[in-house]
Amino acid sequence: MTYYVSSGTLNSTNSTQLRNILNRYADKLITSQNQFGFKKHHSTAMCTMVLKQTINYYTANKGRVFCTLLDATKAFERVKYCKLFQCLVDWNLPAVMLRVLYKLYTSQVMCVKWNGGQSRWFHAVNGVKQGGVLSPVLFCIYLDGLLRTPCSSKIGCVVGTMFTGILAYADDIALLAPTPQAMRCTLSICEKYAAEFRVMFNAIKSKCIVCTSRFSKTAQDLSNYSKFTISGNEIEFVQSWAHIVSSTMDDENDIARSRHNLIGKLMMF
């Protein structure tokens, strides 16, 4: 097994500094409203609820929604420092905060331990610190541009005045569009952002679901839809995914999963 060990830049003093930064400048670290990850009073359940309500809004009158769930490969490890700090500069964060973060990230060194041996120390040139207090927030800032671009273009699903065409919980991203053309436009935006910010989307683990009204009597024929692609690779069409989203939005899989979890916890108790 391989372990990556820091040379001591993540000590208790630095952790305290990062917590102070997070508390003091919390008002400047607010990401897009479509990002639900690592925010106060936000949760995965809230993100799932918005996703389901958006789909129900469109399918209530026998419409349809194309839901693409993107998988980002090793997203936290692929963060480019130059892009990250440019994002922080664009957010008008205080210079003292930028200097502290710059020092912490550019001076860290690591080594690899394996089978009793240890490599020479080397500098880390990308990625946010695993387990760091501020790392999830920095990653959400790094990914914020990906969420704001579709929001400004209004390509995708809209409920009332709220754009819900893209939703995210950290690196888990869901795209919602009422037409195939809108979905392809959103995927194109994601591809351009991924190329610039070194984000890698895995088409094999990404899935697309065509959601229709649960009262529709005609079965979905997924062969009628041309494939969507991300980074030149096709995205598979499926009927359901992760026990949460299904083509008919009947919630049976989600209810069964919650029921099994409850029974398991009761048995453990």
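Predicted model: local features only at pLDDT ≥ 70, side-chain atom pairs only at ≥ 80, totals over all residues.
## Exercise 1: Get your bearings

**Task.** How many helices and strands does the protein have, and what percentage of its residues is buried?

**Solution.** 
- Step 1: Go through the elements, and you get 7 helices and 14 strands.
- Step 2: Use the cut-off for buried, which is under 20% relative accessible area.
- Step 3: With that cut-off, buried residues make up 42% of the 269 residues in the protein.
- Step 4: Now look at contacts between residues at least 6 apart in sequence: 73% of them join residues at least 24 apart.

## Exercise 2: Zoom in on strand 10

**Task.** In which sense does strand 10 pair with strand 2, and how many residues of strand 10 are buried?

**Solution.** 
- Step 1: Strand 10 (residues 207–212) pairs with strand 2 (residues 64–71) in the antiparallel sense, over 6 bridges. On this side, Val65 stands opposite Cys211.
- Step 2: Turn to strand 12, which runs parallel to strand 10 and is joined to it by 2 bridges. Here Lys207 stands opposite Glu236.
- Step 3: Recall a rule about regular strands: side chains alternate between the two faces of the sheet.
- Step 4: Check each face of strand 10. Lys207, Ile209 and Cys211 are on one side, Cys208, Val210 and Thr212 are on the other, and all are buried.
- Step 5: That makes 6 of the 6 residues buried, so strand 10 is largely enclosed by the rest of the structure.
- Step 6: Take Val210 as your example from strand 10. Its relative accessible area is 0%, so Val210 counts as buried. Its C-alpha atom is separated by 9.2 Å from that of Ser240, 30 residues apart along the chain.

## Exercise 3: Find the faces of a helix

**Solution.** 
- Step 1: Start with the length. Helix 4 (residues 95–106) has 12 residues and should span 16 Å at 1.5 Å a residue; the end C-alpha atoms are 16 Å apart, which agrees.
- Step 2: List the buried residues: Met97, Leu98, Leu101, Leu104 and Tyr105.
- Step 3: Look down the axis. These buried residues fall within an arc of 135°, so they line one face of helix 4.

## Exercise 4: Explore the core

**Task.** Which residues touch the most other members of the largest nonpolar core?

**Solution.** 
- Step 1: This core has 57 residues, and the ones touching the most other members are Leu88, Leu134, Ile173 and Phe201.
- Step 2: Helix 5 (residues 135–153) gives the largest share, 9 residues.
- Step 3: Follow Leu88: leaving out residues up to four places away in sequence, it touches Leu93, Leu98, Leu101, Leu138 and Ile141.
- Step 4: Another core of 17 residues lies apart from this one, with Val50, Val65, Leu69 and Met249 among its members.

## Exercise 5: Spot the positive phi

**Task.** What is the phi of Lys154, and what is the phi of Ser231?

**Solution.** 
- Step 1: Remember that most residues other than glycine have a negative phi.
- Step 2: Lys154 has a phi near 60°, a positive value. Ser231 isn't a glycine either, yet its phi is positive at about 55°.
- Step 3: Locate them. Lys154 is in the loop between helix 5 and strand 6 (158–159), while Ser231 is in the loop between strand 11 and strand 12.
- Step 4: Check accessibility: Lys154 is partly exposed at 48%, and Ser231 is partly exposed at 45%.

Conventions: Residues numbered from 1 in each chain as written. Heavy atoms only, no water. Pairing = 2+ DSSP bridges. Helix = DSSP H or I, 4+ residues; strand = E, 2+ residues; numbered from the N terminus. Core = buried A, V, L, I, M, F, W, Y, C linked by side-chain atoms within 4.5 Å. Buried < 20%, exposed > 50% of the residue type's maximum accessible area, 1.4 Å probe, protein only. Contact = heavy atoms within 4.5 Å. Expected span 1.5 Å × (residues − 1). Arc of directions from axis to C-beta.
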